[in-house]
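Visitor: I am new to protein structures. Could you take me through this one, and tell me what each term rests on?

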Amino acid sequence: EGRISIPPNMRGARLELKKEWLEYLQLAFDKGLTDRAIAQHMHVSERTVRHYFSHVQAVLDICSDTDKNMRMQTKIRAQAAGLID
């Protein structure tokens, strides 16, 4: 798929994301758009947007945890990594 999976302990400070995933992050968190609005803006289905979210979570090493808001954890980690403001 054009990406390389690197174990978290071997990753450098810079994370590699597909351009679509980075665009998703910017639209979701910098612009505050819903998945539906993101799908319309990117000309993809809402299901594709949800896949982008899953891939971003994997890159940011976010595990699903019923006690935590996954969207908020994604925002926090993306900001810490310098991917979004």
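**Around helix H2**

Guide: Helix H2 is followed by His43, whose phi is positive, near 60°. Helices here are DSSP runs of H or I with at least four residues, numbered from the N terminus. This is a predicted model, where local features need pLDDT of at least 70, side-chain atom pairs count only at pLDDT 80 or more, and totals for chains, interfaces and linings use all residues. Residues are numbered from 1 along each chain as its sequence is written, and side-chain values use heavy atoms, with hydrogens and water left out.

Visitor: Why is Gln57 called buried?

Guide: Buried means under 20% relative accessible area; exposed means over 50%, and partly exposed lies in between (1.4 Å probe, protein chains only). Gln57 has 11%, so Gln57 is buried. Gln57 is found in helix H3. Setting aside neighbours within four places in sequence, Gln57 is in contact (heavy atoms within 4.5 Å) with Ile62, Met70 and Thr74.

Visitor: Which residues of H2 are buried?

Guide: In H2, residues 35-42, they are Ile38, Ala39 and Met42. They fall within an arc of 100° seen down the axis, so they line one face of the helix. The arc is taken from the directions from the helix axis to the C-beta atoms. The face turned away from the buried side carries exposed Arg36 and Gln40.

Visitor: What covers the buried residues of H2?

Guide: The cover includes helix H1 (19-30) and helix H3 (46-59).

Visitor: What is meant by a nonpolar core?

Guide: It is a set of buried Ala, Val, Leu, Ile, Met, Phe, Trp, Tyr and Cys residues joined through side-chain atoms within 4.5 Å. The largest one has 21 residues, and Tyr24, Leu25, Ile38 and Val56 have the most contacts inside it. H1, H2, H3 and helix H4 (70-80) each supply at least two residues of this core. The largest share, 6 residues, comes from H1.
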